[in-house]
Amino acid sequence: IVNIETRKNQAVIETLKKKRVISKATVEYLVSHRTLELSRQELASLEKYLDFPQGFLERVGADDIRNYEIIKRLDRECKEESSIMFFSCSVEHSKFICSVLLYLGYKAAHIDASTETKMRSATLSDFKSQKVQVLCNYEILSTGFDAPRTDVVFISRPTNSLVLYSQMIGRGLRGPAIGGTEHCKVITVKDDLEGSKDLDDIYEYFDEYWDE
């Protein structure tokens, strides 16, 4: 039954690609070379709530070496004039990445749940019109936001949730038939999560979405 359902899912996705409803998407993994260890409490929280606890995500977002690799890669994508949606590990992480990009001379902006409504609307409008090149956010753009001209979805936040991961990559998969882009790149930061389930199972679940 699983194999039949998998084949059906693959057939649907291939049809949507041919109709250009889904963009020609590629996935790249940025290996952080960081070993991130969860405490017993964090592992218990992960098991209970099926995703990483806030304290752990904040710790990941504060890792200087990891952030250096992220900034290097963002710099490269910015130089290619990509329109980038960046999913951070925490509010502070999003603000930090945004501030570094601004320092480097790129047009970046940050929003989160506490951003004032008018400011949020103006920032989203600027991203859609490409006045902002990199839109950094935390837990605000995974659903309910449509930016069809997004070239790169950059996921720095580790997640154990199939639903959340699918929502994040979905921000960039809208194809040209419905006003989106022909091509989209999904960049996911991969860490060595000691004591936790390997996240490769989640990434592999979406293999049929990607072009070679």
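**Burial and contacts in a predicted model**

Guide: This is a predicted model. Buried residues account for 48% of the 212 residues in the protein.

Visitor: What makes the protein as compact as a globular protein of that length?

Guide: The protein holds 8 helices and 6 strands. Its radius of gyration is 17 Å, close to the 17 Å that the globule rule gives for 212 residues, so the protein is as compact as a globular protein of that length. Along the principal axes, the C-alpha atoms fill a box of roughly 45 × 40 × 30 Å.

Visitor: Why is Ser82 called buried?

Guide: The relative accessible area of Ser82 is 9%. Buried means under 20%, and therefore Ser82 qualifies at 9%. Ser82 lies in the loop between helix 4 (64-79) and strand 2 (84-87). Beyond residues up to four places away in sequence, Ser82 touches Glu77, Gln133, Asp151 and Val152. Its C-alpha atom is separated by 9.6 Å from that of Cys184, 102 residues apart along the chain.

Visitor: How do you know that Thr150 counts as buried?

Guide: Thr150 has 0% relative accessibility. The cut-off is under 20%, so Thr150 at 0% counts as buried. Thr150 is placed in the loop between strand 4 (134-137) and strand 5 (152-155). Apart from neighbours within four places in sequence, the residues in contact with Thr150 are Ser83, Met85, Phe127, Arg171, Gly172, Thr181 and Cys184.

Visitor: Why does Thr188 count as buried?

Guide: Thr188 belongs to strand 6 (residues 183-194). Its relative accessibility is 1%. With buried defined as under 20%, Thr188 at 1% therefore counts as buried. Setting aside neighbours within four places in sequence, Thr188 is in contact with Glu28, Tyr29, Leu30, Ile155, Tyr165 and Tyr203. The C-alpha atoms of Thr188 and Tyr29 are separated by 4.9 Å, although these residues are 159 residues apart along the chain.

Visitor: What makes the pair of Thr188 and Tyr165 a polar contact?

Guide: The side chains of Thr188 and Tyr165 are joined at 2.8 Å. A polar contact requires a pair of N or O atoms within 3.5 Å, one able to donate a hydrogen and the other to accept it. The 2.8 Å between Thr188 and Tyr165 is therefore a polar contact.

Key: Residues are numbered from 1 along each chain as its sequence is written. This is a predicted model: local features need pLDDT of at least 70, side-chain atom pairs count only at pLDDT 80 or more; totals for chains, interfaces and linings use all residues. Side-chain values use heavy atoms; hydrogens and water are left out. Helices (H or I, at least four residues) and strands (E, at least two) are DSSP runs, numbered from the N terminus. The radius of gyration is taken over C-alpha atoms; the globule rule is 2.2 Å times the number of residues to the power 0.38. Buried means under 20% relative accessible area, exposed over 50%, partly exposed in between (1.4 Å probe, protein chains only). Contact means heavy atoms within 4.5 Å.
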